[in-house]
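Student: I have a model open and want to work through it with you. Where do we begin?

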Amino acid sequence: MELFRIKKDIPFMRHALIFNVISALTFVAAVFFLLHKGLHFSVEFTGGTVMEVTYPKAANVDGIRKMVEHLGFDDSPVQTFGKAQDVVIRLPETKKDAKAPVSDVVFEALCKMENGSLTKLAGNAESGAGSGKMVCQDAAQNEPVKLQRVELVGAQVGDELAHDGLMALLFVILGVMIYLAIRFEWKFAVAAIVANLHDVIIILGFFAFFGWEFNLSVLAAVLAVLGYSVNESVVIFDRIRENFRKQRKMSVTEVIDNAITSTISRTIITHGCTQMMVLSMLLIGGPTLHYFAVALTIGICFGIYSSVFVAAAIAMWLGVKREDLIKPVKEKDDTDGAVV
């Protein structure tokens, strides 16, 4: 399917050096911010407390966020999930010598915000159901806020998640490299991996520079960008191989320019449709999907750029040629092996 067709090839490779210098500077800047500022990891990685509370009406998320900051928990994510009445609060790990669990302190403050007070349920003496549970009740004995769940994430669990996430990233990179080396040629595999790492590092650089929270959903977006970016590279590489077979008189530069130009329509349709879905998550998906959509948006934009100007250019500079992809046909011996 083609949205339009460009009759004259665009000389992308003529400007490849300029764009790759820009890519190199962007890459170095991203690495600098990663080393200098680092990533702002979420509770899933650093350890802490996750609270879920429910209100009878739409929750005042901004008020809850200000209250949490007033208690000394800066940069603690407060966001709705599912419904406007349900709120999840992620609190960082506190010192072990704290007088009371951090969840109790926050829940008490939430209760006071709603003009209520904490009451300890007596429960069933025989079964023990509900005994010791703290509830928030107002003057009319109603529950203006209800504590649904408290989950503690230890630092060791966070380290395991960080380790598993890094291993998943490495295995994806290794699998992509093996796949491209088998399907095409090692020069294409190296070019694609450099381009993909370029995309990943730049995404992480954005999160380090702006101090955005790096959570499990962002990690999932980074892994998705790896697969998404390599798909675009495979399409271009496949067209390059096809052009080597059909266009025998073209130079390597002309073959690559023709391959990129002929796939532009497909690129615009594919990435345009994907970006519309991601944009909808970014605008109306709420805080839960915000950084996931941000990471995908950055990855899609730089994925197109790297596939065209980074991957194809590196393959050209590595010396890819027709003989790398097409085995020469051996001429048949007229004597059929007979010795005269």
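Tutor: Leaving aside neighbours within four places in sequence, Ala16 is in contact with Ala313 and Trp317. Keep in mind that this is a predicted model.

Student: Which helix holds Ala16?
Tutor: Look at the residue range. The helix spans residues 16-36, and Ala16 is found in it. The answer is helix H1.

Student: Is Ala16 buried or exposed?
Tutor: The cut-off for buried is under 20% relative accessible area. Ala16 has a relative accessible area of 0%, so the residue is buried.

Student: How far apart are Ala16 and Met316 in space, C-alpha to C-alpha?
Tutor: In sequence, Ala16 and Met316 are 300 residues apart. In space, their C-alpha to C-alpha distance is 9.9 Å.

Student: What share of the contacts in the protein chain with a separation of 6 or more comes from residues 24 or more positions apart?
Tutor: Count contacts with a separation of 6 or more. The share from residues 24 or more positions apart is 74%.

Student: Is H8 roughly parallel or antiparallel to H10?
Tutor: Helix H8 covers residues 252-262 and helix H10 covers residues 287-317. Their axes come within 11 Å and cross at roughly 155°. Angles over 145 degrees count as roughly antiparallel. Therefore H8 and H10 are roughly antiparallel.

Student: Is the crossing of H8 and H10 left-handed or right-handed?
Tutor: Handedness is a separate item from the angle. For H8 and H10, the crossing is right-handed.

Student: Which residues of H10 make the contact with H8?
Tutor: From H8 come Val252, Thr253, Ile256 and Ile260. By class, the contact has six nonpolar, one polar and no charged residues. On the H10 side, the residues are Val308, Ala312 and Met316.

Student: Where does Asn115 lie, and what is its phi?
Tutor: Asn115 lies in the loop between helix H4 (102-113) and strand S5 (117-120). Most residues other than glycine have a negative phi. Asn115 has a positive one, and its phi is near 60°.

Student: Is Asn115 buried or exposed?
Tutor: Exposed means over 50% relative accessible area. Asn115 is at 67%, so it counts as exposed.

Student: What is the phi of Gln141?
Tutor: Gln141 is found in the loop between strand S6 (134-137) and strand S7 (146-153). Its relative accessible area is 54%, so Gln141 is exposed. Gln141 is not a glycine, yet its phi is positive, at about 65°.

Student: How many of the residues of the protein chain count as buried, in percent?
Tutor: The protein chain has 11 helices and eight strands. Of its 340 residues, the buried share is 41%.

Key: Residues numbered from 1 in each chain as written. Predicted model: local features only at pLDDT ≥ 70, side-chain atom pairs only at ≥ 80, totals over all residues. Heavy atoms only, no water. Helix = DSSP H or I, 4+ residues; strand = E, 2+ residues; numbered from the N terminus. Buried < 20%, exposed > 50% of the residue type's maximum accessible area, 1.4 Å probe, protein only. Contact = heavy atoms within 4.5 Å. Axes fitted to C-alpha atoms, helices over the stretch in contact; angles between N-to-C directions. Parallel < 35°, antiparallel > 145°, perpendicular 65-115°, else oblique. Left-handed = near helix turned anticlockwise from the far one by under 90°. Nonpolar A, V, L, I, M, F, W, Y, C, P; charged D, E, K, R; others polar.
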